[in-house]
Amino acid sequence: PNMEAIEGVNVQVHQYDAETGRTGGGTFNVATKSGGNSWSGSGFYQGRPKWGASNNFFSELSGVPLPDTYFHQGGGGLGGPIARNKTFFWFSVEGYGSNTTRNAPTRLPTAREKQGDFSQSTNSAGQLVEIFDPLTGDPTTGAGRTAFPGNIIPANRLNPVATKMLSYLPNPTRDQSNGSNNFDSIAQINDRAVMYTGKVDHRFTDKVSLMGFYLYNKTDEPCANSVVPQGEPNAFIDRSDYILKRRVHALALNNTWLPGNNTVFTLRYGWTKFQDQNTLSVEYNPADLGFSQSFLSPLQQQKFPRVSIVDYYAFGAIDPNILFWNSWSANGTMSKLVGSHTFKVGVDYRNISVDTQSFSNAAGNFQFTRLFTSSNPLAASTSGNALASMLLGYPAALVDNASIVSVSSPFNAW
């Protein structure tokens with residue numbers, strides 16, 4: 001629970017009581033606040049505005065200004081009587097909002113390279129990296145390939161799916177392609193969270209009481225989109241594009257009965273549901289890339305495929321997942337004082353389950369290397385460009401980096 005809902009916390013370790021089965025290593029006992037006959041409340045706020053934060057060192061070095069960073073957190077609680085001397089309530093809320101940054105320089109294809117022009121693509125020493133036509137030379141030995149004239153792939157050889165994929169990527173912030181990073185950006189991470197709790201206590205008599213407590217927690221935790229910010233139409237191209245959505249529901253009921261001065265009966269019920277899922281901020285229909293229906297049919301997610309290009313930025317949103325943790329429990333105990341001794345007996349039932357489905361490469365994972373456009377794919381060479389291999393439509397097929405589509409099934413356990 002949030003701080004305005006907590007009365008106190010007790011940590012118990014090295015327990016050997018039967019009632020703490022499965023949690024013998026330690027138990028947190030949290031006492032929540034209750035209302036009374038008098039109204040009471042409290043609140044708090046803390047913040048860190050933009051002027052209280054400094055710019056990222058590398059962003060300052062690259063001349064990228066400080067974004068609108070901030071942190072705001074606040075909450076409060078209120079309690080009082082529903083029916084004096086009988087029924088009381090306590091309500092609390094707490095939430096935060098923040099915008100933090102992460103520096104993520106990378107290498108993107110230049111506008112020329114996206115059109116098949118590698119005439120200005122060099123290595124770190126400034127030497128031209130030649131690209132060779134994989135349809136020339138000896139297909140058995142790999143020898144005898146000829147370079148593309150002018151280091152430019154003819155327009156009629158460009159793969160339409162590849163050019164469509166690359167069209168979603170922004171151009172570099174520096175028009176260079178020499179193996180080093182040419183794109184500077186600051187990823188902004190906008191986190192949001194809020195928690196509500198409510199508690200009601202009712203006294204039927206001086207010996208019988210009932211308590212009910214409910215908690216709801218909601219958080220949206222995005223990752224650091226370093227190439228295309230979340231909120232923009234092409235955010236699906238960013239490999240870090242996802243929002244971790246967490247939704248927690250918790251319910252606790254506790255009935256206490258005192259039949260005598262030395263005997264206590266308790267009946268308790270608890271229920272929780274925890275959604276912990278990576279979700280896409282923007283969906284994408286892979287059919288828009290021009291794939292054939294035979295490729296599209298087995299796909300389980302409407303998302304942009306994952307694309308890895310050696311020496312360049314790997315793009316395509318992550319694979320989302322489905323994950324729900326569920327549990328409920330019921331127990332009853334009787335405690336009896338006999339002289340200086342305490343006897344306690346009871347029964348406890350717990351049901352814990354998980355419903356999940358993990359997707360991996362659910363819209364395809366395409367790997368591209370330099371081999372298809374090197375002078376000889378069977379011999380060591382400094383020639384070839386993985387982006388050129390992609391533009392020709394030749395994904396890698398080696399066992400250790402094969403291009404694949406995976407299919408998953410739901411998993412349910414309890």
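How many residues lie between β6 and β7 in the hairpin that these strands form? In the predicted model described here, the hairpin of β6 and β7 has 4 residues between its strands.

β6 and β7 run antiparallel and are joined by 12 bridges. Within this pairing, Val194 has Lys218 of β7 as its bridge partner. β6 also pairs with β5, again in the antiparallel sense, through 17 bridges. Two of the residue pairs may be named here: Trp90 is bridged to Lys199 of β6, and Ser98 is bridged to Asp191 of β6. β5 in turn pairs with β4, the two strands being antiparallel over 13 bridges. In this case the bridge partner of Pro81 is Phe88 of β5.

Most residues other than glycine have a negative phi. Asn85 is not a glycine, yet its phi is positive. The residue lies in the loop between β4 (70–83) and β5 (87–103), and with a relative accessible area of 52% Asn85 is exposed. A positive phi, near 55°, is also found in Asn361, again a residue other than glycine. Asn361 is placed in the loop between β12 (341–358) and β13 (365–368). Is Asn361 buried or exposed? Its relative accessible area is 13%, and Asn361 is therefore buried, the limit for this class being under 20%.

The aromatic side chains form 17 pairs in the structure. In one of them, Tyr168 and Tyr284, the ring centres are 5.5 Å apart and the planes stand at 80°, so the arrangement is edge-to-face. Tyr168 belongs to the loop between α3 (160–167) and β6 (186–203), whereas Tyr284 belongs to the loop between β9 (263–279) and α4 (293–296); the pair therefore ties together parts that are 116 residues apart in sequence. Both residues count as buried because their relative accessibilities are 14% for Tyr168 and 6% for Tyr284. A second pair is formed by Trp257 and Phe265, whose ring centres are 5.2 Å apart and whose planes lie at 20°, so this pair is stacked. Trp257 counts as partly exposed at 40% relative accessibility, and Phe265 counts as partly exposed at 29%.

Tyr168 and Tyr284 are also members of one aromatic cluster, which they form together with Phe236, Phe304 and Phe315. A contact of another kind involves Tyr312: Arg107 lies over the face of this ring, at 4.0 Å from the ring centre.

Rolling a probe the size of a water molecule over the atoms shows where empty space is left. The largest pocket holds about 1800 Å³ of space. Which residues are the closest to its centre? Of the 46 residues that line the largest pocket, these are Thr27, Phe28, Asn29, Arg268 and Asn331. Several strands contribute to the lining: β2 (26–32), β7 (208–222), β8 (243–260), β9, β11 (321–338) and β12 each supply at least two residues. Among these strands is β7, the strand that forms a hairpin with β6. By class, the lining of the largest pocket comprises 19 nonpolar, 20 polar and 7 charged residues.

At 66% relative accessibility, Pro149 counts as exposed. Pro149 and Gln300 are separated by 151 residues in sequence, and the distance between them in space is 42 Å, C-alpha to C-alpha.

Definitions and conventions:
Residues numbered from 1 in each chain as written. Predicted model: local features only at pLDDT ≥ 70, side-chain atom pairs only at ≥ 80, totals over all residues. Heavy atoms only, no water. Phe/Tyr/Trp six-rings, centres within 6.5 Å; stacked < 30°, edge-to-face > 60°. Buried < 20%, exposed > 50% of the residue type's maximum accessible area, 1.4 Å probe, protein only. Lys NZ or Arg CZ within 6 Å of the ring centre and 35° of its normal. 1 Å grid on protein atoms, 1.4 Å probe; cavity = no way out; pocket = protein on both sides within 12 Å on 5 of 7 lines; lining within 4 Å. Points joined across faces, edges and corners; volume = space filled by probe spheres on them. Nonpolar A, V, L, I, M, F, W, Y, C, P; charged D, E, K, R; others polar. Pairing = 2+ DSSP bridges.
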